[in-house]
Amino acid sequence: MTGGSGAGAGADAPAPARPGPAPGAPAAAATAAGAGPAVFHGPRSARILALAVACGLCVANLYYIQPILPSMAAALHRTPQSLTPAVSCTQLGYALGLFALVPLGDALDRRRLLTVLLTATAAVLALIPLASGAWLFGLFFLLGLVTVSAMVIVPQAADMAHPEQRGQVVGTVMTGLILGTLLCRTLAGSLTQLLDWRAVYWLAAVFMVGTCLLVRAVLPGRPPAAPDTADTAAATAAANAANAANAANTPHTPAATSTGSTAAALRDYARLLASLGPLVRGNPLLVRRSLLGALGFAAFNLLWTALPLRLTQSPYHFGASAIGALGLVGAAGALGASLAGRLADRGRQTAVTLGAFALIAVSFAVSSGSSGTLLVLVTAILLIDFAVQGAHITNQATVFGAAGAGERSRITTVYMTAYFLGGAAGSAAAGAVWPHGGWPAVARTGVLAAAAALLLSGVLALRESARTRTRTLPTSPKDMP
């Protein structure tokens, strides 16, 4: 979510976004920088709602497995614990896709890129029910790799919005993404109970075909913002000048033009990947918020990887539909996203972060010894989902608030790659500690993840407070009262 005009106070105050093209700049340069008339006519327009639905359907592919894990294990004649690596494989594939594929959104036409990604996702979803053994884990890795469409849509939505509505637009899209994350569990559990776990993935493949058609109808077929680097700007200016000078004398050769465009796109892609290192080194705010995001999503995946295992035990013995129905409880996380976005716009990023991770730590601690009480588990789900989503949106509001239009896809790449690496670690940790201590061991691991985030946030807040006091101290005798 993009920070609004009020964001910026506190330890994580974003630097001012880079300015756009200077007045009087050529129209081509403005277009390359992502300028031009906004497409959305309001934060709740039909286009933005369509993109919110698309994001929700895309990200749902990562989470269908969680409530149906015990049912899948039974159908495949395996133990539930032996299938938990499939969750981690999906998250690792997603992290790789964020790193390797999402940056293409800054180099290629995002409409075409989304068409390829959504088609590939539909194909992988259709194959998963036919696989078993190592092939099954490999397909889940591929599913994560190609299902990064939502993270291409989010920066596209930001570029298509009026600047004064950008925070609301991205917040609406992210709300759709969060609801898809949570409500997909209810759908998967109910469909598995009614039919079979394989039906979940075949229906998801149909969803992806429909989403592809929807995205092609909603998004404009225009190039994205150019990468915000001096080299790219200079290269673009030189290319425009050369094209203007030679247009009348250069014969048009379609094959050569196509080859040249492909080569240029590949060069842009290589330059984009190479620019990630300097982007991270020059942006400590992004590094801090990426670490916090990784810890938060680790806690989230600890909860949702271990929860189905706990709910199949005494005294619950829940089936897939009952486990999936708990996703409705977690849907309150969308409220956390909305509230966090408003507070971040008012400069309350540090307070939101500290409060969110404190809530996660307390929820895991209380549920550690009381997981036999359904009310305790339901409350823990509600509070942890609320807090994780609130911290996540605060992180995005903070880092996007400092980003230029040509950086947003790469900022998304860095942050979300760290985020899903944390999620993969959380899923792996749940599978590792469950055989040695069950739910209490998982809950203690969740407390540790939240405590680490609290420590990091607290130290950074104290350092910023000390720097602020130092800046306000008188520096010479004449400044003394």
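Predicted model: local features only at pLDDT ≥ 70, side-chain atom pairs only at ≥ 80, totals over all residues.
Biologist: What makes the crossing of helix 16 and helix 17 left-handed?

Modeller: The crossing is left-handed because the near helix is turned anticlockwise from the far one by less than a right angle. Residues are numbered from 1 along each chain as its sequence is written, and side-chain values use heavy atoms, without hydrogens and water.

Biologist: Why is helix 16 called roughly antiparallel to helix 17?

Modeller: Helix 16 spans residues 349-368 and helix 17 spans residues 374-401. Their axes come within 9 Å and cross at roughly 155 degrees. Angles over 145 degrees count as roughly antiparallel, under 35 as roughly parallel, 65 to 115 as roughly perpendicular and the rest as oblique. Therefore helix 16 is roughly antiparallel to helix 17.

Biologist: Which classes of residue make the contact of helix 16 with helix 17?

Modeller: That contact has 15 nonpolar, seven polar and no charged residues. Nonpolar covers Ala, Val, Leu, Ile, Met, Phe, Trp, Tyr, Cys and Pro; charged covers Asp, Glu, Lys and Arg; the others, Gly among them, are polar.

Biologist: How do you know that helix 3 and helix 12 are roughly parallel?

Modeller: Helix 3 (residues 65-75) packs against helix 12 (residues 284-311) at about 30 degrees, with axes 8 Å apart. That angle falls in the parallel class, so the two helices are roughly parallel to each other. Their crossing is right-handed.

Biologist: Which residues make this contact?

Modeller: Helix 3 brings Gln-66, Pro-67 and Pro-70, and helix 12 brings Asn-301, Trp-304, Thr-305 and Pro-308. Contact means heavy atoms within 4.5 Å. By class, four are nonpolar, three polar and none charged.

Biologist: What makes Asp-109 and Arg-112 a salt bridge?

Modeller: Their closest N and O atoms are 3.9 Å apart. A salt bridge needs a side-chain nitrogen of Lys or Arg within 4 Å of a carboxyl oxygen of Asp or Glu. So the pair qualifies. The whole structure has two salt bridges. Asp-196 with Arg-198 is one of them, at 3.1 Å.

Biologist: What about Asp-196 and Arg-198?

Modeller: Asp-196 is partly exposed at 28%. Arg-198 is also partly exposed, at 23%.

Key
Axes fitted to C-alpha atoms, helices over the stretch in contact; angles between N-to-C directions. Helix = DSSP H or I, 4+ residues; strand = E, 2+ residues; numbered from the N terminus. Buried < 20%, exposed > 50% of the residue type's maximum accessible area, 1.4 Å probe, protein only.
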